[in-house]
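Please walk through this protein with me, beginning with the order of its elements and moving on to one helix and the charged side chains.

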Amino acid sequence: MSTKDAPPDFDAAKAEAFAERLLTALNHGALCLTLSIGHRTGLLDVMSGMPPAASDEIAEEGSSRRALRPRWLSAMATAGVVAFDPATKKFSLPAEHAAFLTRAAGSDNMAVYSQYVPVLTTVEEDIIDSFRNGGGVPYSRYSRFHEVMAEDSAQSVFVLPRVHTSCRSCRV
């Protein structure tokens with residue numbers, strides 16, 4: 001609906017705020033996809049141990065033999081995840097960001113959770129079909145669901161120390 005067709009009580013400021021919120025949500029969804037790519041390829045881990053580098057230098061250090069796609073790095077820089085120095089054309093992952101995006105971060109690694117977004121996109125058609133025809137979507141249709149859940153659980157489940165019943169200091 002255009003604002004010229006809007007009802008008399010249409011609040012343009014409220015509409016603009018809502019549109020901004022939706023645009024932010026769309027950008028954050030895309031960011032989750034790019035974070036998932038960076039996590040799954042190990043690029044975030046590689047970058048955390050590197051000084052500022054060009055995309056080809058990052059690719060050399062990474063697990064990919066092909067040149068790193070500058071678009072991925074540019075998307076990460078646009079989102080403020082990685083830093084970009086226009087003078088040197090080099091990218092870096094600030095330590096403050098790596099603390100929440102790398103496997104070294106342990107249970108603070110939020111990049112693991114970004115994988116849920118692409119997993120959910122694999123069942124969009126199934127969900128639409130369920131809306132139209134009833135039923136549900138079985139777990140078997142969610143590609144990588146169990147793999148992502150296992151990685152999520154592995155970093156967030158507390159492991160209790162082993163208690164030695166023969167050890168006086170370990171007995172409760």
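From the N terminus on, the elements run α-α-α-α-β-β-α-α-α-α-α, which amounts to nine helices and two strands, where helices (H or I, at least four residues) and strands (E, at least two) are DSSP runs numbered from the N terminus. This is a predicted model, in which local features need pLDDT of at least 70 and side-chain atom pairs count only at pLDDT 80 or more, while totals for chains, interfaces and linings use all residues. Residues are numbered from 1 along each chain as its sequence is written, and side-chain values use heavy atoms, with hydrogens and water left out.

Of the 172 residues in the protein, 28% are buried, where buried means under 20% relative accessible area, exposed over 50%, and partly exposed in between (1.4 Å probe, protein chains only). Helix α4 (residues 70-78) has W72, L73 and M76 among its buried residues. Seen down the axis of α4, the buried residues fall within an arc of 95°, taken from the directions from the helix axis to the C-beta atoms, so they line one face of the helix. The face turned away from that buried side carries the exposed residues R71 and T78.

Three salt bridges are counted, each being a side-chain nitrogen of Lys or Arg within 4 Å of a carboxyl oxygen of Asp or Glu. In one of them D45 pairs with R103, the closest N and O atoms being 2.3 Å apart; D45 lies in helix α2 (residues 43-48) and R103 in the loop between α5 (95-98) and α6 (111-114), 58 residues apart.
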